[in-house]
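Please look through the structure shown below, and then read the notes that follow on its backbone, its sheet and its helix packing.

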Amino acid sequence: HRRGFVLTEQSFTPRGLLEEWLRVQATHGTTFLEGLHVETEMSKILTPRAGNEQMDTWIIGTQEHRNVEAITGHRGRQVITDVTVAFGFASTVPYLRNSISADQFAGGLMHRFLIANEPSPRRGTPIRHGTPTDETKQALARGLVEIHLKAPAELTVDRKAEAALTRLAQQRKYFNESTLSGFWERLAELTAKVAMLFTLADRRGEIRFDDVDRAETLLRYRLGPPLEALVEQMAASPEQKLLFKLSDDLGASGPKGWTMETFYRKTGKANAKAQLEVLQAVLAQKIATKVGLRIYAPEHAPSTSED
């Protein structure tokens with residue numbers, strides 16, 4: 001059996017991606033095909049577009065079925081078998097908040113991804129990252145290729161690791177009322193996947209208890225907590241989403257803040273009564289601080305302020 005790998009990036013349609021996979025299989029005579037698609041902005045893919053199947057439904061299907069298919073008017077039904085594909089996306093909270101519904105995100109799609117949020121200090125003090133050098137990127141790429149080539153056909157699980165995963169699976173009933181019940185109910189499966197990554201990265205063929213323990217800690221205490229706040233923002237009412245946007249934009253203005261004229265214009269409200277209601281809401285939620293005829297993000301406000 002010949003195994004192939006395909007890397008694609010940027011915006012796609014199910015038909016286009018499937019045709020590229022089929023082309024690679026036909027050109028190189030591969031029996032099994034593995035793939036990775038990297039997208040710079042998640043919301044561009046998941047925003048509904050005329051004439052296209054809901055992308056989230058199709059992506060979920062690629063993770064759950066041995067065969068991947070798309071139906072087109074020109075070529076009819078196209079099917080590719082024995083394909084394993086991963087998707088890597090980046091995004092920001094404002095983009096996700098305005099383009100994807102909470103049901104669409106938390107209802108099934110989210111649980112197919114490991115979502116890592118970038119740590120951030122107080123707003124207005126951005127983290128400064130060093131730019132990876134070409135040598136660093138090449139070293140990472142060589143390491144991934146080595147893992148790919150040396151990965152065993154299957155992994156085994158030692159007894160302590162298996163017992164730990166079983167314990168996690170039995171805890172599902174405790175999370176039924178959680179906003180992220182789907183995430184917590186799949187914690188055992190997600191932990192197993194991350195533990196597999198740790199195992200492969202160490203060039204081993206057996207998942208150990210330490211792998212499971214590290215994976216659970218990462219998910220439970222590092223990746224899990226920010227998700228609830230994200231889903232709450234996406235599920236917010238249009239009025240509350242406006243307040244979130246004003247908070248983001250006002251924070252970006254830094255110590256200069258806005259004039260009240262600028263604030264009222266950015267509310268998008270046409271009449272004075274509606275503008276005043278938004279002002280009262282941002283002050284009540286401590287999203288903004290008013291000083292004289294200017295308004296600031298709380299961390300940038302001068303010492304004298306009005307409630």
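Arginine 203 is partly exposed, because its relative accessible area of 41% lies between the 20% limit for buried residues and the 50% limit for exposed ones. In this predicted model, arginine 203 belongs to the loop that runs between helix H9 (187–201) and strand E7 (206–207), and its phi is near 60 degrees, a positive value in a residue that is not glycine. Most residues other than glycine have a negative phi.

Lysine 286 also has a positive phi, of about 60 degrees, although it is not a glycine. The loop that holds lysine 286 lies between helix H14 (272–284) and E9. With a relative accessible area of 65%, lysine 286 is exposed, since the cut-off for that class is over 50%.

The pairing of E9 with strand E10 (residues 294–296) is antiparallel and extends over three bridges. Within this part of the sheet, threonine 289 stands opposite tyrosine 296 in E10.

## Packing of H10 against H11

Helix H10 (residues 209–223) packs with helix H11 (residues 225–234) at an angle of about 40 degrees, and their axes are 4 Å apart. The two helices are therefore oblique to each other, because an angle under 35 degrees would be needed for them to count as roughly parallel.

On the H10 side, the contact is made by Leu219, Arg220, Tyr221, Arg222 and Leu223, which meet Pro225, Pro226 and Leu227 in H11. Sorted by class, this contact of H10 with H11 consists of six nonpolar and two charged residues, with no polar ones.

## The protein as a whole

The protein contains 14 helices and 10 strands, and of its 307 residues 37% are buried. Among contacts with a separation of 6 or more, 69% are between residues 24 or more positions apart.

The accessible surface of the protein comes to about 18,500 Å², and carbon and sulfur atoms account for 53% of that area.

Key: Residues are numbered from 1 along each chain as its sequence is written. This is a predicted model: local features need pLDDT of at least 70, side-chain atom pairs count only at pLDDT 80 or more; totals for chains, interfaces and linings use all residues. Side-chain values use heavy atoms; hydrogens and water are left out. Axes are lines fitted to C-alpha atoms, for helices over the stretch in contact, and angles run from 0 to 180 degrees between N-to-C directions. Angles under 35 degrees count as roughly parallel, over 145 as roughly antiparallel, 65 to 115 as roughly perpendicular and the rest as oblique. Contact means heavy atoms within 4.5 Å. Ala, Val, Leu, Ile, Met, Phe, Trp, Tyr, Cys and Pro count as nonpolar, Asp, Glu, Lys and Arg as charged, and the others, Gly among them, as polar. Buried means under 20% relative accessible area, exposed over 50%, partly exposed in between (1.4 Å probe, protein chains only). Accessible areas come from the Shrake-Rupley method with a 1.4 Å probe; for residues, only the protein chains shown count as cover. Two strands pair if DSSP finds at least two bridges between them.
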